[in-house]
Amino acid sequence: MTDITIIGGGIVGIATAYELLQRFPGISLEVLEKEQNLALHQTGRNSGVIHAGIYYAPGSLKAEFCRRGLAATLRFSAEHGIAHEQPGKLLVATSPVEMERLAALETRAAANGLAVRRISAAELGEIEPNIVGLGALLSPATGIADYGAIVRRMAALVGDLGGQVTCGAEVRHIEERANDVRLTLADGSVRITRHLVVCAGLMADRLAALCGLGGDFSIVPFKGEYFRLAPRHDEVVRHLIYPVPDPALPFLGIHLTRMIGGFVTVGPNAVLSLAREGYGKLAIDFGDLGDMARFPGFWRTLQANLSSGLKEAANSAFRRRYLKACQRYCPPLELADLLPHPPGIRAQAVMRDGTLVHDFLIRRSARTIHICNAPSPAATSAIPIAEHISDLAEKVFAFDARRAAT
């Protein structure tokens, strides 16, 4: 029997394992990851951005954890020799409406304690000759990182501290009992653990439901499609270039990102995915489709966002439309510059009434803690999320090193 078992080998699960082992030396801990390698889904398929936290509502977990997470991610990367940079981010407005939204974002950034600076159209042209806009907001702290490398290093540290990371271990059933939690794996084997932390990303709702913590929300998967720019554009921008997001939508829009490795990507868009873990253009999982169809919140969300959804679907179907979204602020791009790049899928929690969950969502029972909604900026925020989970473990589980030892 282990003291704590963690389900999920993405950055949140591995960061949580590392934090718990540091916080409570000597405990027995195992991470169960259903894939054969770590960080194969959201962690390994995002844009690699270390967000500063401009967008998030003041006082929200996202705002707090993102601000702390930026510093923590940079610090961990520097301490362990993991590639990272801080090129800064420019939020570029291309219309009067976006200029108004830019002012609101500047106010929100100030409320979140972030250092940002307004950039005029003339200055924008000077610092980014290939970018056009009416103005911009500069976030100098925003960075880029290799999140896959961070996970691999943290997993090694988990092993050094006595923890175990087991891949190819899919949990099919959870039974919470008076004194422990019984986990049944896909191969029929059983794990017994005193306490359970679930960081399951795209499968978070299903595992929460097994513990009686679901039913009122469901994960709706949104596919983000990226392109890599042709090598001639490796130096097309000096900063990360973002559009001004629509506050009514949970997605940040198609942006240009300088990546670790020296190339630039554009994306993602946000189209409904017909499979939670199917990355091909035509990937369909009928079980996932059935779950969506049976959940009333899905249809309400679909109805409320039909117009924007159709636009995103059109951008996905027609590469020229995708290109035009980029050319609004980066005119030099041409169709031939859009080269293939792996897509990602965002796990977005939706409530039964159709409301999108905008903040991190954490639920718990007597012996379990579930991270039910942790989309972007979860990678940036992974270390503070892990600290928060460890605080909960100490409080909810009445967990400390002495109890673990007995």
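The model is predicted, so local features need pLDDT of at least 70 and side-chain atom pairs count only at pLDDT 80 or more, while totals for chains, interfaces and linings use all residues. Residues are numbered from 1 along each chain as its sequence is written, and side-chain values use heavy atoms, with hydrogens and water left out.

The secondary structure of the chain amounts to twelve helices and 22 strands. These elements are DSSP runs numbered from the N terminus: helices are H or I with at least four residues, strands E with at least two. The radius of gyration is 21 Å, close to the 22 Å given by the globule rule for 406 residues, so the chain is as compact as a globular protein of that length. The radius is taken over C-alpha atoms, and the rule is 2.2 Å times the number of residues to the power 0.38. Along the principal axes, the C-alpha atoms fill a box of roughly 65 × 45 × 35 Å.

Of the 406 residues, 53% count as buried. Buried means under 20% relative accessible area, exposed over 50%, and partly exposed in between (1.4 Å probe, protein chains only). The accessible surface comes to about 16800 Å². Carbon and sulfur atoms hold 54% of that surface. Areas follow the Shrake-Rupley method with a 1.4 Å probe; for residues, only the protein chains shown count as cover. Among contacts with a separation of 6 or more, 74% join residues 24 or more positions apart. A contact requires heavy atoms within 4.5 Å.

The search of the whole structure for disulfides (cysteine sulfur pairs within 2.5 Å) returned zero. The sulfur of C211 lies 9.6 Å from the closest cysteine sulfur, in C372, which is too far for a bond. C211 is buried, at 14% relative accessibility. C330 is likewise in no disulfide; the nearest cysteine sulfur, that of C326, is 7.8 Å away. The relative accessible area of C330 is 0%, and C330 is buried.

P343 sits in the loop between β19 (338-340) and β20 (344-351). This proline is buried, with a relative accessible area of 15%. Neighbours within four places in sequence aside, P343 contacts R45, K223, G224, E225, Y226 and Y279. P343 and E225 are 118 residues apart in sequence. Their C-alpha atoms are 4.6 Å apart in space.
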